[in-house]
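I opened this notebook to keep track of what I looked up, one topic at a time. The entries below follow the order in which I went through the model.

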Amino acid sequence: MMNWGEFFNMGGYAFHVWTSWGLSLASMITIVILGRRKNAKIKAQLANQIRREAKINSDNQEQ
Amino acid sequence: MNPVSATWNFLYKTYHRLASPREFYTIAQYTTPVFGVLAFVLLLCGAYLGLFKAPADYQQGDSFRIIYVHVPAAWLSLMVYVTIATAAAIGLIWRMKMAFVVAICSAPLGATFTALALITGSIWGKPIWGTWWTWDARLTSELILLFLYFGVIATYYAFEERKTAEKAMAMLAVVGVVIVPIIHYSVEWWSSLHQGATVFAEGGPRMPADMLTPLILMIFGFMFFYGYALFIAAQNMVLNNERKSKWVRELVTVNINTTH
């Protein structure tokens, strides 16, 4: 059975090891989340625009 | 058909398919998750072996485990720049639209890897060298690379007209590639606190297998992560650039119909 306290202590280098690993992990997660959010945003904006155009077209036809 | 011409045919067709934004988008829809899963598995295995199984270094103790994020980030900082410069050159020479998209979408990713390499190196340097930062050749040239990435991004967004922006960005990217060999050979050309090549050293890697295996896994994990993130960013840019085209409008309309 391994000792978790000892593992997290990293032989006294806990700050150095975990900051480096943590920053790397955080950057990767941020990159993926931002990319996916942007994709949803672009699609929503375009869909809105298409809906608006369709509405303007049908309003024009009614007049 | 002989294998050489079959391979050539395949590459030729792939090039032309990837050159079309629409084809690229379709292909990327399938390749993106594959790259994501590969990156995830490789990084998970690398992290497990690197943090739990690799023995502590006899001189640096457990602080050497920073290597498993520092070296992949530093390796990617150079590989991404070479990718950008190559894509930029292809874009300039053959006027391939998608090459510019690959170049500009890679820049923020490369900048992130460069910043990570600098920061993790700094954190590693404090306990081992006794200083966060020193103006030696390797560190300084890597810092210049970070500013070069900023320059590539800033140049692209400085122009209103997309074609001008792409060309200006590509020219800067191609000229800037001179920094890559300078960074790589900096530890040989000038005296440096930074150690020389350990993995790609003459006469094979200077590391025992139980330390080296996680490092290789992490490097490949980072590479697939770069591919994954690049596909996501490039898909976004294609959607945005081609928003007036029929296929993008149809793609988005299908989304409306399925989600509402």
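This is a predicted model: local features need pLDDT of at least 70, side-chain atom pairs count only at pLDDT 80 or more; totals for chains, interfaces and linings use all residues.

**Entry 1, a loop residue in chain B.** I began with B:R95, which counts as partly exposed because 13 C-beta neighbours lie inside 10 Å; a residue is buried with 20 or more other C-beta atoms within 10 Å of its own, exposed with 12 or fewer, and partly exposed in between, the C-beta atoms being placed from the backbone. B:R95 sits in the loop between α3 and α4 of chain B, and its phi is positive, about 50°, although B:R95 is not a glycine.

Residues are numbered from 1 along each chain as its sequence is written, while chains are lettered from A and ligands numbered from 1 in the order in which they are written.

I looked up the secondary structure of chain B and found 9 helices and 0 strands, where helices (H or I, at least four residues) and strands (E, at least two) are DSSP runs numbered from the N terminus. The C-alpha trace of chain B spans about 60 × 50 × 35 Å along its principal axes, and 36% of its 260 residues count as buried. Among contacts in chain B between residues at least 6 apart in sequence, 78% join residues at least 24 apart.

How do the axes of α4(B) and α5(B) cross? They come within 9 Å and cross at roughly 155°, with α5 covering residues 137-158; axes here are lines fitted to C-alpha atoms, for helices over the stretch in contact, and angles run from 0 to 180 degrees between N-to-C directions. That angle makes α4(B) roughly antiparallel to α5(B), since angles over 145 degrees count as roughly antiparallel, those under 35 as roughly parallel, 65 to 115 as roughly perpendicular and the rest as oblique. The crossing is left-handed, a term used if the near helix is turned anticlockwise from the far one by less than a right angle, with right-handed for clockwise. Among the residues that meet are B:I104, B:A107 and B:P108 in α4(B), and B:L143, B:L146 and B:F150 in α5(B). The residues of this contact divide into 15 nonpolar, 2 polar and 1 charged, with Ala, Val, Leu, Ile, Met, Phe, Trp, Tyr, Cys and Pro taken as nonpolar, Asp, Glu, Lys and Arg as charged, and the others, Gly among them, as polar.

The axes of α3(B) and α7(B), the latter being residues 179-189, come within 10 Å and cross at roughly 160°. The two helices are therefore roughly antiparallel to each other, and their crossing is left-handed. On the α3(B) side I listed B:L78, B:Y81 and B:V82, and on the α7(B) side B:V180, B:I183 and B:H184. By class, this contact has 5 nonpolar, 1 polar and no charged residues.

I counted 32 residues from chain B and 23 residues from chain A in the contact between the chains. The elements that give two or more residues to the chain B side are α3 (67-94), α4 (97-129), α8 (209-241) and α9 (246-259). That side has 18 nonpolar, 10 polar and 4 charged residues.

B:P33 is found in helix α2 (residues 21-53) of chain B and counts as exposed with 12 C-beta neighbours inside 10 Å.

I ended with A:M10, in the loop between α1 (4-9) and α2 of chain A, which has a positive phi near 50° without being a glycine and counts as buried with 20 C-beta neighbours inside 10 Å. In α2(A), the buried residues include A:H16, A:V17 and A:L46.

Definitions and conventions: Two residues are in contact if their C-beta atoms, placed from the backbone, lie within 7 Å.
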